[in-house]
Structure formats: C-alpha cells, structure tokens
Amino acid sequence: MRYSSQAVAKPYFIFALILLAGEILFGLLMGIQYIYGDFLFPLIPFNVLRMVHTNLLIVLLLFGFMGATYYLIPEETESELWSPKLAIITFWIFAAAGVATILGYLFVPYAKLTEITFNNILPTMGREFLEQPLPTKLGIVLVVVLYIFNVLMTVIKGRKTVITTVLLTGLLGLAVFFLFAFYLPTNLVVDKFFWWFTVHLWVEATWMLILGAILAFVLIKVTGVDREHIDKWLYLIVALTLLSGILGTGHHFYYMGAPEYWLWIGSIFSAAEPLPLFFMILFAFTMARERKIQHDNKIALTWAKGTAVMAFLGAGVWGFMHTLAPVNMFTHGTQLTAAHGHLSFYGAYIMIVFTMVSYAMPILRGRPHGNGPKSQALELKSFWMMNIGMVGLTLALTLAGIVQIFDQRVGTELIGFMESQESISGIYTIRALFGFLVFAGLFTYFASFFVKEKAQ
C-alpha cells in the first residue's frame with residue numbers, strides 16, 4: 001500500500017460485500033415466493049422483499065464505488081487523500097442510514113413510514129428504486145457531496161490523469177441525476193419521464209464512466225500496459241457511452257404518453273448502446289494480451305476480463321434483445337426485463353466491485369503481490385460458480401419471459417396473468433436453483449479470504 005489513506009477503502013469494501021450477501025438472500029426469498037406464493041406471508045410480503053432487494057443493490061454499489069475511489073485516487077494523484085477522517089465519517093453516516101432504512105422497510109408498514117419520515121412535507125416516496133424516505137435521500141445527498149468534495153480536493157492538489165477526470169465526471173453525474181429523485185410530479189407521464197433521468201442515466205451513462213475508470217486502473221496495475229495506450233481506449237468507450245446512453249434514455253419513453261419521436265430516437269441510439277460494451281471487451285482482452293508484466297494477482301485480471309464480457313452480455317446483448325420499439329411493445333414488463341436487469345447489474349457493476357476488491361483487498365491486508373495460489377484457486381472457483389449461476393438464472397428468466405409473451409400478448413388463445421405465472425412455475429424453480437448457486441459462490445468467495453498461506 002503506497003499511501004496510508006488508502007486504508008479507508010477497506011471498511012467500504014467489507015460492508016459492500018455484506019450488503020451483497022443480504023441482497024442475494026432477499027432475491028432468493030423472492031424467488032421462492034414466485035413458486036410458493038404464501039411463503040413468509042404476511043410476515044414479509046413480496047413488495048417488501050423486492051423493495052429491500054433493489055435498495056440493497058443500489059446501496060452496496062455506492063459503497064463499492066466509494067471504496068474503489070478512495071483506493072485508486074491516492075495512487076492516481078500521487079498524494080494522500082485530502083481527509084481520511086471525512087471518508088470514515090461518511091462511511092458511518094451512510095452505513096447507519098442504510099441499516100435504519102432497511103429496518104424501516106422490514107418492520108414499519110410503508111404507508112406508516114411515509115407519515116413518520118415527513119413525506120407529506122416533500123413527497124418523494126413510492127417509486128421503485130427510489131422508495132427511500134426523505135431523511136434517507138437527504139442523507140445520501142450529504143454523503144455523496146462530502147465524498148465528491150473529498151475526492152475533488154485530492155485531485156486538485158495532486159496529479160491529474162484521464163482516469164481521475166473520467167471518474168470525477170461519472171461521480172458528478174451520479175450526484176446531479178439523483179436530484180430528480182426529489183421531483184415527484186402529479187402527472188404520471190411527467191413523473192416517469194423524469195424518473196428515468198435518475199434510473200437510466202445512472203446505470204447506462206454516469207455509472208458506466210465509473211466502471212470504465214475503475215477497469216482502466218486495475219488493468220494498468222495488473223498488465224503494466226502504458227497509460228497512454230489505455231487512455232485512448234478509455235476516451236473511445238466514454239464517448240460512445242455518453243452518445244448512446246444519454247439519448248438511449250428514449251427507449252424507456254415508448255408507449256407511456258411521451259411524443260412519438262422518441263420511438264425513433266430511443267430505437268436508433270439504443271441500437272448503439274452495445275457498442276461501448278463491445279469495445280470494453282476488446283479493451284480488457286487487448287490489455288491482457290499486450291501486458292508487460294506477469295502480475296502475481298492473476299485472479300484480479302480474470303475478474304476484469306469477466307466484467308467486460310458479462311457487461312456486454314447483460315447490458316448489451318440482453319438489453320438490445322428487447323429495446324427496439326416494435327419488439328418492446330410485446331416484451332415490456334415481462335420477465336425478459338428482469339433477465340436483462342439481473343445480468344446487466346451483475347455483469348457491469350457487481351463484477352467491477354469484485355474486480356477492485358480482488359486487486360486491492362490483498363494489498364490492504366498486507367499482501368502486496370496478491371493472495372497465494374490456494375486462495376486464488378478458491379476465488380476462481382467462486383468466479384465460475386457466480387457467473388454460471390447468473391447466466392443460468394438469466395436464461396431461465398428469458399425463457400419465462402418468452403412464455404409470458406405467447407401466453408398473454410401474441411398467442412392465439414391468450415390467458416390471464418396468474419394463469420401464465422402458474423404455467424411457468426417450473427422455470428421459476430430452475431431460476432431459484434441457479435440463484436442458490438450464486439449465493440454459494442459468494443460464500444466461496446468469502447472463504448478465499450481466510451485461506452491460510454503465504455502470499456507470493
């Protein structure tokens with residue numbers, strides 16, 4: 001560890017992984033409820049499980065991004081973090097707010113939660129992914145502002161690189177577009193129009209910049225490829241991401257009352273969205289092929305390449321599969337949407353957190369060359385367990401979505417929603433089994449941290 005302030009990344013990484021375990025657990029409970037509708041009811045209804053599942057995903061990714069930033073920024077700027085103490089304070093504020101919010105979801109009826117958290121003063125609750133009470137949203141703003149301020153002050157006093165520029169651009173976009181979470185119009189069409197400004201422009205624009213910056217940093221460290229070469233690839237990926245991602249927001253505006261021109265804008269630019277993800281694959285594998293060093297931490301490079309491949313499959317292939325307007329008319333709201341969501345979030349964002357943790361955590365634990373061969377072998381096993389589980393889960397959801405389409409939208413004898421759900425209960429069982437494989441893979445990953453051996 002070159003800079004002592006990098007140590008503040010450690011609690012962020014640990015907490016992100018703990019939240020990931022909770023997120024997968026609640027996803028499994030939902031999967032069981034798809035098969036056995038009365039499971040845990042009325043103790044934890046499906047809507048509460050889903051709310052906790054999706055909110056944990058968002059919070060764990062923010063913790064992962066923050067940890068990655070606090071680790072890489074000192075090395076990129078060649079200076080200590082501006083205020084390690086501020087980074088620790090924001091960790092505890094964010095952790096406390098996150099835990100309190102999840103407990104509120106689980107133990108307080110949502111209608112009551114809106115009353116006691118001042119939703120009547122500034123209504124912001126009730127929308128999926130943005131269900132957080134007003135105090136939690138304000139806490140997120142406070143934490144993100146302090147976090148970006150800390151990072152910005154570090155960059156100002158140190159070396160400036162393409163990675164820090166791209167990362168800061170992504171972080172500023174993350175902060176700005178979250179502000180639309182506070183805007184809740186009474187008109188449903190207007191509400192959905194601006195709701196996507198947060199949800200889409202996070203995951204398909206600003207977060208992609210954060211992903212690209214973290215991936216570039218790790219590839220520099222484990223391949224030794226010249227920074228100038230990596231910078232050129234990063235510029236290309238960022239340009240394509242912003243061009244396609246921003247205007248690609250239009251594919252969410254089909255059939256919701258927005259002007260008809262969004263059919264064309266959304267379709268054309270959504271068709272281009274897989275391009276930056278495809279170039280990310282070329283980027284990762286080209287850097288691996290042209291590497292100038294043989295880094296002992298081979299598993300970190302495996303995660304980096306895996307991130308590029310799985311992001312392209314989830315966000316690129318599965319996104320394009322149902323994003324064009326004439327297709328989306330039949331697929332929207334089916335399990336195809338869930339298939340795309342699961343694989344894209346996992347492939348692009350969960351895996352980049354794994355990539356950074358796998359590179360940085362051994363160093364933070366006093367192993368500058370990475371974990372030993374036994375630990376890396378166990379981690380590689382977890383890599384394949386989680387990736388096979390996610391692909392299997394995605395394929396099951398894809399099949400379920402296709403059956404839904406023929407049951408309810410394009411078949412000759414259409415049936416109701418519940419009848420269709422009953423007809424695909426067997427597919428949901430397969431989905432749940434692959435979900436358990438992902439969960440087992442995560443605990444195998446945890447186990448790799450406790451393998452007793454000397455690092456190479």
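Trainee: What is the relative accessible area of Val-410?
Mentor: This is a predicted model, in which local features need pLDDT of at least 70 and side-chain atom pairs count only at pLDDT 80 or more, while totals for chains, interfaces and linings use all residues. Residues are numbered from 1 along each chain as its sequence is written, and side-chain values use heavy atoms, leaving out hydrogens and water. Val-410 lies in the loop between helix 14 and helix 15 (417–423), helices being DSSP runs of H or I with at least four residues, and strands runs of E with at least two, numbered from the N terminus. Buried means under 20% relative accessible area, exposed over 50% and partly exposed in between (1.4 Å probe, protein chains only); Val-410 is partly exposed, at 37%.

Trainee: Which elements give two or more residues to the nonpolar patch?
Mentor: The patch covers about 570 Å² of surface and is made by Tyr-255, Met-329, Phe-330, Ile-402, Phe-406 and Val-410. Patch residues have over 30% relative accessible area and no salt bridge, with nonpolar side chains (Val, Leu, Ile, Met, Phe, Trp, Tyr) joined within 5 Å and like charges within 9 Å; a salt bridge is a side-chain nitrogen of Lys or Arg within 4 Å of a carboxyl oxygen of Asp or Glu. The elements giving two or more residues are helix 12 (325–331) and helix 14 (373–408).

Trainee: Which residues is Phe-118 in contact with, leaving aside its neighbours within four places in sequence?
Mentor: Phe-118 sits in the loop between helix 4 (110–116) and helix 5, and is partly exposed, with a relative accessible area of 45%. Contact means heavy atoms within 4.5 Å. Beyond those neighbours, Phe-118 touches Leu-134 and Pro-135.

Trainee: How far apart are the end C-alpha atoms of helix 6?
Mentor: Helix 6 has 17 residues (162–178), and the expected span is 1.5 Å times one less than the number of residues. That gives 24 Å, and it agrees with the separation of the end C-alpha atoms, 24 Å.

Trainee: What covers the buried residues of helix 6?
Mentor: The buried residues of helix 6 include Val-162, Leu-167, Gly-170 and Phe-178. Their cover includes helix 2 (46–77), helix 5 (134–157), helix 7 (188–223) and helix 8 (227–247).

Trainee: What is the radius of gyration of the protein chain?
Mentor: The chain comes to 16 helices and 0 strands. The globule rule, 2.2 Å times the number of residues to the power 0.38, is compared with a radius taken over C-alpha atoms. For 456 residues the rule gives 23 Å, and the chain is as compact as a globular protein of that length because its radius is close to this, at 22 Å.

Conventions. Areas by Shrake-Rupley, 256 points an atom, 1.4 Å probe, with all protein chains shown as cover.
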